Amino acid sequence: VQLQASGGGLVQAGDSLTLSCTASGGTISSFIMGWFRQAPGREREFVGAVDRSGGSTYVMNALRDRFTISRDNTRGTVQLRVSSMKVQDTAVYYCAADPDSRWTTIRILNPVAYDTWGQGTQVTVSS
């Protein structure tokens, strides 16, 4: 399966934005799907993840009040919705797929668990 993140762009602080991750060449229904981001000069960091069915999600504590993850397996898409955007949300956002079914915090936070990555989409938030 190949992944492609889209929906990024230039937004203003306070705006909302929805990023999408679209799969091709296969189905995402057998993958835990995660979102990561990398700001300039910083390490790639975990944003959140959704389990195979979409019934469980996990978002980093610091982002939980503004970030929401969902998926539509029939369409092969995963969404990351961000509200009340901040300048510090500026980053390249990546989606990734973890083929393992184990839904544990230790695992889903670790980028090594994800074996398929999409090209990122740039999000720039202006003040």
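1. Y114 is buried, with a relative accessible area of 4%. Buried here means under 20% relative accessible area, exposed means over 50%, and partly exposed covers the range in between (1.4 Å probe, protein chains only). The structure is a predicted model, in which local features need pLDDT of at least 70 and side-chain atom pairs count only at pLDDT 80 or more, while totals for chains, interfaces and linings use all residues. Residues are numbered from 1 along each chain as its sequence is written, and side-chain values use heavy atoms, with hydrogens and water left out.

2. Aromatic pairs. Six aromatic pairs turn up in a search of the whole structure. One of them joins F46 and Y58, a tilted pair with 6.2 Å centre to centre and 35° between the planes. This pair links distant parts of the chain, since F46 belongs to strand β5 (residues 45–50) and Y58 to strand β6 (residues 57–59), twelve residues apart. F46 is buried at a relative accessible area of 7%, whereas Y58 is partly exposed at 21%. Y114 and W117 have ring centres 6.2 Å apart and planes at 65°, so this pair is edge-to-face. W117 counts as partly exposed, at 28% relative accessibility. For these labels, rings of Phe, Tyr and Trp (its six-membered ring) pair if their centres lie within 6.5 Å; planes under 30 degrees apart are stacked, over 60 edge-to-face, and the rest tilted.

3. The aromatic cluster. F36, F46, Y58, Y94, Y114 and W117 make up one aromatic cluster. R44 lies over the face of Y94, 3.9 Å from the ring centre, and R64 over the face of Y58, 5.1 Å from the ring centre. The criterion is that NZ of Lys or CZ of Arg is within 6 Å of the ring centre and within 35 degrees of the ring normal.

4. Strand β9. Residues 91–98 form β9, a mostly covered strand with seven of its eight residues buried. Its partners are as follows, with two strands said to pair if DSSP finds at least two bridges between them. With strand β4 (residues 32–38) the pairing is antiparallel over seven bridges, and A97 in β9 stands opposite M33. With strand β11 (residues 121–126) it is antiparallel over three bridges, V92 standing opposite Q122. With strand β10 (residues 116–117) it is antiparallel over two bridges, and here A96 stands opposite W117.

5. The four-stranded sheet. Another sheet is open, with antiparallel pairing and the strand order β1-β3-β8-β7. Its edge strands, β1 (2–6) and β7 (67–72), each pair on one side only. Neighbouring strands are turned by 15° against each other on average, direction ignored; the axes are lines fitted to C-alpha atoms, and angles in general run from 0 to 180 degrees between N-to-C directions. Five bridges join β1 to strand β3 (residues 17–24) in the antiparallel sense, and L3 stands opposite A23 in β3.

6. The antiparallel pairing of β7 and β8 runs over six bridges, with T68 opposite R81 in β8. The two strands form a hairpin with four residues between them, and G76 in the turn has a positive phi of about 70°. T74 is also found in the loop between β7 and β8. T74 is exposed, at 75% relative accessible area. T74 and I28 are 46 residues apart in sequence and 9.1 Å apart in space, C-alpha to C-alpha.

7. Nonpolar cores. A core is a set of buried Ala, Val, Leu, Ile, Met, Phe, Trp, Tyr and Cys residues joined through side-chain atoms within 4.5 Å. The largest has 28 residues, and L3, M33, W35, F67, V78, L80 and Y93 have the most contacts inside it. Two or more residues each come from β1, β3, β4, β5, β7, β8 (77–82), β9 and β11. A second, separate core of eight residues includes I32, A49, A113 and Y114. V78 touches residues including L19, C21, I28, M33, W35, V50 and I69, leaving aside those up to four places away in sequence; a contact means heavy atoms within 4.5 Å.
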